[in-house]
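Reader: Could you please take me through this protein? I am new to reading structures.

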Amino acid sequence: MQIEIKNLTKNYGNHTALNDVNITLTNGIYGLLGANGAGKSTLMNLITDNVSRTSGEILCDGTDILSLGKKFRERLGYMPQQQGFYEQLSTRSFVLYMASLKGIPRREAKNRPMSF
């Protein structure tokens, strides 16, 4: 899988959080480092389509992620620095909850292999 970010800009009112960002990511594990307020969370929220972009493109294997919808979210994982944890949920329940957030039906998620 390749994610290509082209000329990505995000404004919050008069504040520019990201300005003309260009990155190409191929298969692998990446870390995003920077000072507070540098735009790390904004970038991740844009890549995961949790926040709408002001301008630019985010492509997955050459196709804009906005047109891929659920298919894109099934392929992409994102682990924030501080993950909310729900003590009342078992590990399996938590995984099923996360699957539901990604739009995966419960029956389908239960049938997918999980190792824990």
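Reader: How many helices and strands are there in the protein?
Author: In this predicted model, the protein has five helices and four strands.

Reader: And which pattern do they follow along the sequence?
Author: Read along the sequence, the pattern is β-β-α-β-β-α-α-α-α.

Reader: What share of the residues is buried?
Author: Of the 116 residues in the protein, 23% are buried. The accessible surface comes to about 8,200 Å², and carbon and sulfur atoms account for 49% of that surface.

Reader: Let us turn to helix 1. Which of its residues are buried?
Author: Helix 1 covers residues 40–47, and its buried residues are Thr42, Leu43, Met44, Leu46 and Ile47.

Reader: What do those buried residues pack against?
Author: They pack against three strands, namely strand 1 (3–12), strand 2 (15–25) and strand 3 (55–60). They also pack against helix 2 (65–68) and helix 3 (70–75).

Reader: Which residue with a positive phi follows helix 1?
Author: That residue is Asp49, with a phi near 60°.

Reader: Why is Asp20 classed as partly exposed?
Author: Its relative accessible area is 42%, and the class applies because this value falls between the cut-offs of 20% and 50%.

Reader: Which residues does Asp20 touch, leaving aside its neighbours within four places in sequence?
Author: Asp20 is in contact with Asn7, Leu8 and Thr9.

Methods
Residues are numbered from 1 along each chain as its sequence is written. This is a predicted model: local features need pLDDT of at least 70, side-chain atom pairs count only at pLDDT 80 or more; totals for chains, interfaces and linings use all residues. Side-chain values use heavy atoms; hydrogens and water are left out. Buried means under 20% relative accessible area, exposed over 50%, partly exposed in between (1.4 Å probe, protein chains only). Helices (H or I, at least four residues) and strands (E, at least two) are DSSP runs, numbered from the N terminus. Contact means heavy atoms within 4.5 Å. Accessible areas come from the Shrake-Rupley method with a 1.4 Å probe; for residues, only the protein chains shown count as cover.
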